[in-house]
Amino acid sequence: MNRSELERRVAERTGLASSAAKGTVDAVFDVIAEALANGDDARVSGFGVFGTRARPARTGRNPRTGERVAIAASTLPTFKPGKALRDVVNTRTGG
């Protein structure tokens, strides 16, 4: 499912106009991104937890030349699904 499909389905289920559904989806993503950028978690009960993880600086290799390359430290977004989401996925996939 891509973003436009998500917006269309939100519009159908809520009865919102498509432009309002697009604004709602954009707002949810923006709020989650802002929380992560501020170092906070975004917990959605029954769905999961969006968080961050620090990745330390390290040395890698250029696969073409074999030259050592310094890779800077970074912060990665993470997601841990909640039990309700895992149960829905496992029920529908037969897992």
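## The chain at a glance

Welcome to this chain, whose secondary structure comes to 3 helices and 5 strands; helices (H or I, at least four residues) and strands (E, at least two) are DSSP runs, numbered from the N terminus. Starting at the N terminus, the elements follow the order α-α-β-β-β-β-β-α.

The model is predicted, so local features need pLDDT of at least 70 and side-chain atom pairs count only at pLDDT 80 or more, while totals for chains, interfaces and linings use all residues. Residues are numbered from 1 along each chain as its sequence is written, and side-chain values use heavy atoms, with hydrogens and water left out.

## Overall shape

How spread out is the chain? Its radius of gyration is 19 Å, well over the 12 Å that the globule rule gives for 95 residues, so the chain is more spread out than a compact globule. That radius is taken over C-alpha atoms, and the globule rule is 2.2 Å times the number of residues to the power 0.38. Along the principal axes, the C-alpha atoms fill a box of roughly 55 × 35 × 30 Å.

Of the 95 residues, 15% are buried (buried means under 20% relative accessible area, exposed over 50%, partly exposed in between, with a 1.4 Å probe and protein chains only). Contact means heavy atoms within 4.5 Å; among contacts between residues at least 6 apart in sequence, 31% join residues at least 24 apart.

## The largest pocket

The largest pocket holds about 230 Å³ of space. On a 1 Å grid over the protein atoms alone, where a 1.4 Å probe fits, a pocket is an open set of points with protein on both sides within 12 Å along at least five of seven lines, and lining residues have an atom within 4 Å of a point. Grid points are joined across faces, edges and corners, and the volume is the space filled by probe spheres set on the points.

Its lining consists of L6, V10, T24, V25, V28, F29, I32, F47 and F50. Two elements, α1 (3-14) and α2 (18-37), each give two or more residues to this lining, and α2 has the largest share with 5 residues. By class, the lining has 8 nonpolar, 1 polar and no charged residues (Ala, Val, Leu, Ile, Met, Phe, Trp, Tyr, Cys and Pro count as nonpolar, Asp, Glu, Lys and Arg as charged, and the others, Gly among them, as polar).

## Aromatic rings

The whole structure has 3 aromatic pairs: rings of Phe, Tyr and Trp (its six-membered ring) pair if their centres lie within 6.5 Å, and planes under 30 degrees apart count as stacked, over 60 as edge-to-face and the rest as tilted. One of them joins F47 and F79 in a tilted arrangement, 5.5 Å centre to centre with 50 degrees between the planes. F47 lies in the loop between β1 (42-44) and β2 (48-55) and F79 in strand β5 (residues 74-81), so the pair ties together parts 32 residues apart in sequence.

Together with F50, they form one aromatic cluster.

## A look at E7

E7 sits in helix α1 and counts as buried, at 12% relative accessibility. Beyond its neighbours within four places in sequence, E7 is in contact with A21, K22, V25 and D26.
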